[in-house]
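Here's a quick tour of a few spots worth a look.

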Amino acid sequence: MELEKTIDFNAKRGFICDMDGVIYHGNRVLPGVAEFLSWLQEEKKEYLFLTNNSGYTPRELQQKLQRMGLEVSEEHFYTSALATAAFLKEQAPGCSVFAIGEAGLLNALYDAGMTMNDVNPDYVVVGEGRNYSLDTLTKATNLVLKGARLIGANSDVSGPIENGIAPACRALIAPIEMATGTQAYFCGKPNPLMMRTGLRLLSCHSADAVMVGDRMDTDVISGMESGMSTVLVLSGVSTRETLKTYAYRPTAVLPGVGDIVALARG
C-alpha cells in the first residue's frame, strides 16, 4: 500500500491513541505497536491511551499491556468511565447512581464521590459489562421511568474482539432508550469533553496533537472536531470501504501504528 506523508509526525508533541483495534485485539497485541511505543518514548512525545471501553481501570489497562510485553505507566490511560465520572461530578456532586458495568466504571464513580442506589437514584449509568441481564435492564428501565436521568459511558455500537465483534455500550443502552422513550447522554468519544480532557492531561494544544484510531464515527470525528490531525488505522473496525460512507476524511490512512514510525523515520 502506498503511504502518503500527510502529517509531519516528528513535529507533533502529543499523541492520543485509541486502544481496541489500534494497540490490541482482545489479548493479542497488534503488529508495529512495540515499535510505536518505543518511538513515542525515545522521542519524548506526550501520549495518552484514550479508550471508550468503560470496563477497565487504568491499572488494569496498564497490567493488560504489561502481560503483552508493553511497559506503559498508569497515568497514560484515560477511559470513558473516568470521563463519565468527571461529567457527573461536575453536573451533580455527590449524586447517586444505579450503574450497570464493570470495575472500571464502578471504581471511577466511587472515586468521584458517587453513591450506589437502586431505589431512587439521580442517574442510571450504563457501560459495558458481564452483569448486564434482563433483570438489570428491567430495573434500569423502571428507574428511568421514575425520573432517573440516563447516561451512557460511550456511544460505540460494537467493539472488536479476537473472534469478531461484541455489542458495546450504545447497543446495550438502546433497549432502555426504546422502552422509556428517553435519549441517553454519552460521555465518551466523540464527546468533545473527553477530547478536551485528554489534551489537558497532555498539556498540549490541539494543533500540536494527533488522534490515532480505528473508527471514523468516534476517533476520527472527535480528533477532527477538536482541531487535531487524525490518523485512521485499518487494524480495527474501519476499512477503506468504510471511508466512502462518511462526508469527512482523516488526515492520513495507514495500515497500523507501526507505519507512523516508518513515516517519521522516513
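Let's start with a cysteine: Cys95 has a relative accessibility of 4%, so it counts as buried. This is a predicted model, and a search of the whole structure turns up zero disulfides.

**Cysteines**
- Cys95 is in no disulfide, and the nearest cysteine sulfur, that of Cys187, sits 11 Å away.
- A disulfide needs the two sulfurs within 2.5 Å.
- Cys204 isn't in a disulfide either: the nearest cysteine sulfur belongs to Cys17, 12 Å away.
- With a relative accessible area of 9%, Cys204 is buried.

**Pro58 and helix H2**
- Pro58 is part of helix H2, which covers residues 58–67.
- At 19% relative accessibility, Pro58 counts as buried, since the cut-off is under 20%.
- Skipping its neighbours within four places in sequence, Pro58 is in contact with Glu74, Phe77 and Leu82.
- Pro58 and Glu75 are 17 residues apart along the chain, yet 7.5 Å separates their C-alpha atoms.

**Helix H4**
- Gly104, Leu105, Ala108 and Leu109 are buried in helix H4 (residues 103–111).
- Look down the axis of H4 and its buried residues fall within an arc of 125 degrees, so they line one face of the helix.
- An α-helix has 3.6 residues a turn, so residues three or four places apart point the same way.
- The cover over the buried residues of H4 includes helix H3 (80–91) and strands E6 (96–100), E7 (115–116) and E8 (123–126).
- After H4 comes Gly113, with a positive phi near 90 degrees.

Conventions: Residues numbered from 1 in each chain as written. Predicted model: local features only at pLDDT ≥ 70, side-chain atom pairs only at ≥ 80, totals over all residues. Heavy atoms only, no water. Buried < 20%, exposed > 50% of the residue type's maximum accessible area, 1.4 Å probe, protein only. Helix = DSSP H or I, 4+ residues; strand = E, 2+ residues; numbered from the N terminus. Contact = heavy atoms within 4.5 Å. Arc of directions from axis to C-beta.
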